[in-house]
Amino acid sequence: MSLMHPSTVLDRPVLGLLAESDSVEPSAPARVLLPDRYTDRYAYPLVVLFHPAGMNEEAILSSVPHLSRQNFVVLSLRGPRAAAAGFGWDAAEDHDGVEDYFFKAVAQTRRSFHVHSERIYLVGLGEGTLPAYRLALANPDRIAGIAALNGPFPKPKGNPLFRLETVRGLKAFVGHGLLNHTISMEAARH
């Protein structure tokens, strides 16, 4: 994965996208969005996005500037499974592969930009909540928090998803739309 440093960019791309990676691995591209007025003197929180099924890392990243263009670096990853109009995340078939991809992308982003190692937050949308939950619950000492929006909670396959004593301090925000037709409110509460 190669990232351009902001000082090497001649023309400011649209939507504040100042860096882009070729790939962490050939099939695993990642994109980075830097805040307006990025400076190397500040250790920024890192927000890692996991898109819903049928999207990709660019599509979900394009919505971030509409929320905020300040005070955090955003890393957007691509689901490994081809879906109808984009990509998706498998329920748990290749968790180790996704975990490896995630940590390689975070490490490369940290080498290229000033990111605070203890302020890494995961945001999963729809099916993207599956890898976000799994990564946060498996690595609560390395993840500061998670936001899971309109998506399922993963089901354990064999081993428990987490040990309660290790995840007690993990910050979490879970949101679910009342009119979500993919996952009912009852299923979300369960």
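**Figure 1. Burial of helix α4 in the predicted model.** Among the elements that cover the buried residues of α4 are β3, α3, β7, β8, α5 (164-167) and β9. The structure shown here and in the following views is a predicted model. Of the 10 residues of α4, 9 are buried. These buried positions are T129, L130, P131, A132, Y133, R134, L135, A136 and L137.

**Figure 2. The largest nonpolar core.** This core comprises 33 residues. V48, F50, L75, L77, F102 and L122 have the most contacts inside the core. At least two core residues come from each of β2 (30-33), β3 (44-50), β4 (73-77), α3 (95-112), β7 (115-125), α4 (129-138) and β8 (145-149). Helix α3 provides the largest share, with 6 residues. In soluble globular proteins, nonpolar side chains tend to be buried together.

Figure 3. Leaving aside residues up to four places away in sequence, V48 touches L75, L77, F102, V106, I120, Y121, L122 and V123. V48 is itself one of the residues with the most contacts inside the largest nonpolar core.

**Figure 4. The largest pocket and its lining.** The space in this pocket amounts to about 290 Å³. The lining is formed by 17 residues, of which P152, F153, A187, A188 and H190 are the closest to the pocket centre. Strand β9 (171-175) and helix α6 (185-189) are the elements that contribute two or more residues to the lining. The largest share, 3 residues, belongs to α6. By residue class, the lining divides into 10 nonpolar, 5 polar and 2 charged residues.

**Figure 5. Loop residues with positive phi.** Most residues other than glycine have a negative phi. R37, which is not a glycine, has a positive phi of about 55 degrees. R37 is located in the loop between β2 and β3. With a relative accessible area of 63%, R37 is exposed. N150, also a residue other than glycine, has a positive phi near 55 degrees. The loop between β8 and α5 contains N150. N150 is partly exposed, its relative accessible area being 33%.

Conventions: Residues are numbered from 1 along each chain as its sequence is written. This is a predicted model: local features need pLDDT of at least 70, side-chain atom pairs count only at pLDDT 80 or more; totals for chains, interfaces and linings use all residues. Side-chain values use heavy atoms; hydrogens and water are left out. A nonpolar core is a set of buried Ala, Val, Leu, Ile, Met, Phe, Trp, Tyr and Cys residues joined through side-chain atoms within 4.5 Å. Buried means under 20% relative accessible area, exposed over 50%, partly exposed in between (1.4 Å probe, protein chains only). Helices (H or I, at least four residues) and strands (E, at least two) are DSSP runs, numbered from the N terminus. Contact means heavy atoms within 4.5 Å. On a 1 Å grid over the protein atoms alone, a cavity is a set of points where a 1.4 Å probe fits but cannot get out, and a pocket is an open set with protein on both sides within 12 Å along at least five of seven lines; lining residues have an atom within 4 Å of a point. Grid points are joined across faces, edges and corners, and a volume is the space filled by probe spheres set on the points. Ala, Val, Leu, Ile, Met, Phe, Trp, Tyr, Cys and Pro count as nonpolar, Asp, Glu, Lys and Arg as charged, and the others, Gly among them, as polar.
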